Every structure is written in structure tokens, then in C-alpha cells.
Amino acid sequence: MLKPLIAVVMLLAGTSAFAADTPLTAAQYAQKLGVGMDVDWARTDRGIREFDPLIVRDFYDAGIRHVRIRVADNMTEARLIHLRKLVEACEQYGVIPVIAYQADSFKADPDAKNEAQLVAWWSTVANFFGTGHPMLGFDVIYEPADKLNRDLPALNRAYENVVRTLHDVDAQRMIFIAPRMRAAPEDLSSLKLPPHSQNYLLAEWHIFPWGPLKNNGKYPWTSGTAAEKAAIRARINTAVRWQQKSGHASWVGGWAVGESIKNAPTESQMAFARFMACELNKVKIPYAINTDTQFYDGEEGAWRPGPEPLLKMMIAPECDKPDARPGHHEVKSPVHGEKNASPAAASTTELKAPPASSASQG
């Protein structure tokens, strides 16, 4: 138990010392994100009920360095208090929290009324946290889609208003904005970015949020052919070129290998996981794994044994060195505390927060 605590103290001390010298930039923040996971700790009834701060310790010991806390419903005082518990637990165990709002009403109908609701929601959250919790990030709209796919001006206008509102409260708050078409990298270039916003504004995008699903009768990944790998690299490189051109950092908000992976992974899933993780590591883009319930049993307070090899592959893959012959892998160092970590016990006290939406988007 002492080793993880020492690591957290050192992390927090380093962060404080850094902040005292110079403000954290978005590029530096992105690199601190590392590998994370999408979580339902504030979105579903079960996620709220089963949350225990010790779960965050288990995540840290497994190598998870940030969590994307998805929220679906309107904000209430009870939900704000619950969010604060989550953020404080993350800070205690050295995990970066990112709050992500589904904004379903605005996606379904991006009119002035729903835009005002979106701005008000974020204003409430921003004022609640104020200028505290400097590592806390805000992901403005989770997967812009539906009518937003056909109304780019409405999306960019909403981002402009929300970003201005958030930075009026805390000028150094890290904010993520995502392109339409469910955060497609090909649409990053359509985002209208405020001038000189590189230091506190990042982009969120993703591919394969639920794995390589069949589209028009074909799977984008079967055995990992050269053509399949090239197609995936092209999408990742689209984001890399956007970063280089815009000067903004980005983050993959969630990817997976399949819709249901609670059992032992297949050989194809393991191969896909290794390829995706290695490609993103190669271009130094942080990413979150989708989703916590696939890998962690909140009721038992322990990692699910079936997908454990897959989780380890997605967090710390063995990648080919750029100058090595094919098949010669570079093994990532094991995560500090991983072998000696003990699982969290299931919480015996239910949190008194109102039920969250049970929607299950990717």
C-alpha cells in the first residue's frame, strides 16, 4: 500500500512544483493523460451505486492515468456533489478526471433553446469547481452527431459560447471539443478554433468506439491485413496532420475491440488491440479505453479475469521498434504497483445521488 501512496505523493508534488513555475499547457496536459478509460460512475444507476473511491486506486495500479466521466442528465446539486466525490477520489490516487457531457437534447435539435441549456449546464459545472482541481478537464459534447452532422455552424457557435463561458470562470481550464460525425478525425478540420487557444483547448476524436464493426457487409479488421492496417493508419494520420497544422493537441476519447468482451478475448481482438495501442503510442496521442464495465466488476470491486490479457495489451502493448526487424518487440515497463495491487472491496454504503441515465452510447 505504501508504494502506490508514495507514487501519488510524488506525482502531486511534481504537479504542484510545475504549476508554481509555469502554467500547464494543453500539449503537456495531453501527454500526462497517458492511457485512460471511459467510466459510467456518474451516468448510470449502477455506476453511481457501485462507485467506491478504492476503485480509482485499482485503476491507477493497473496503469490507468485518466478517466472520462460521462454524464447524461441535467445537473442538480446532488449530482454536483457526486461529481466532486469522483474528482477528489481521482486526485487522491493520481488519476486525471475528465467530465464529458452527452448533450443529447442539443444533438437532437441544435436550436437556440438547447444551446442555451448546454451553456447553462457547463456554467453550473464550471462555477461549482471554480479555479480548483487544476488537472480536471471538460469534454464539452460527447460524440457530436444526429442533427449536428448537418449543422456545422450550430456546433461551432456552441463551442465558442461554452469555451468563453468556461474560461471566464477559469482561464486555464483544459477544454476538449470534438468534431461532428461522432468525433470523426476526418472532420477535425471543420472545427472553428478561437485564436491563440492552443494552451487550453484540445480536440477529442475517436475511431472504433465499440471495435471494428461490420459496415456495408465488411469488417475493417479481420486478421490485420496490410490493407486493413493502412486504412486505420490513414485515419490516425489525419488527426496527426491536423495537430501539426493547427498547433492543437488531441486525445482519443474511447476505443474498444468489440461490443462484448467480458469473456476471454479472441486472437483477432488481441491483434487489433496491439495494433491500435502501438499506432497511437507511436504518434504520442493519448487515449481512453471503452469502457469500465467491460473490464471491471464494480459490485465485486475487482477486475474481470476473462478480459485481463486484453486490458494489459491495450494499456502496455509490446510494439515493434521503428528500426527493428518485424516481430522484434519492445516491452513496456510494467506499471508501478500492478503486481502488488489488491482489489477494492465493494462499497458497503450507497452514494445518495439521484439516478443517472442508463443510456449506453459508445
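User: Leu188 first: is it buried or exposed?
Analyst: Bearing in mind that this is a predicted model, Leu188 is buried, because its relative accessible area is 0%, and it sits in the loop between α9 (180–183) and β6 (201–205).

User: Which residues have the most contacts inside the largest nonpolar core?
Analyst: Those are Trp41, Ile99, Trp122 and Trp255, in a core of 81 residues. Apart from that core lies another, of 15 residues, including Phe176 and Trp251.

User: Switching to charges, what does Arg180 pair with?
Analyst: Arg180 forms a salt bridge with Asp187, with the closest N and O atoms 2.8 Å apart, and Asp187 counts as buried because its relative accessibility is 15%, under the 20% cut-off.

User: What about Arg274?
Analyst: Arg274 forms a salt bridge with Asp320, where the closest N and O atoms are 3.4 Å apart. Arg274 lies in helix α11 (residues 267–282) and Asp320 in strand β11 (residues 319–320), so this pair ties together parts that are 46 residues apart in sequence. Arg274 is partly exposed at 23% relative accessibility, and Asp320 is likewise partly exposed, at 38%.

User: Which residues are joined into a network by salt bridges that share partners?
Analyst: Asp38, Arg68, Asp139 and Glu204 are joined into one network in that way, and the count of salt bridges comes to 19.

Methods: Residues are numbered from 1 along each chain as its sequence is written. This is a predicted model: local features need pLDDT of at least 70, side-chain atom pairs count only at pLDDT 80 or more; totals for chains, interfaces and linings use all residues. Side-chain values use heavy atoms; hydrogens and water are left out. Helices (H or I, at least four residues) and strands (E, at least two) are DSSP runs, numbered from the N terminus. Buried means under 20% relative accessible area, exposed over 50%, partly exposed in between (1.4 Å probe, protein chains only). A nonpolar core is a set of buried Ala, Val, Leu, Ile, Met, Phe, Trp, Tyr and Cys residues joined through side-chain atoms within 4.5 Å. A salt bridge is a side-chain nitrogen of Lys or Arg within 4 Å of a carboxyl oxygen of Asp or Glu.
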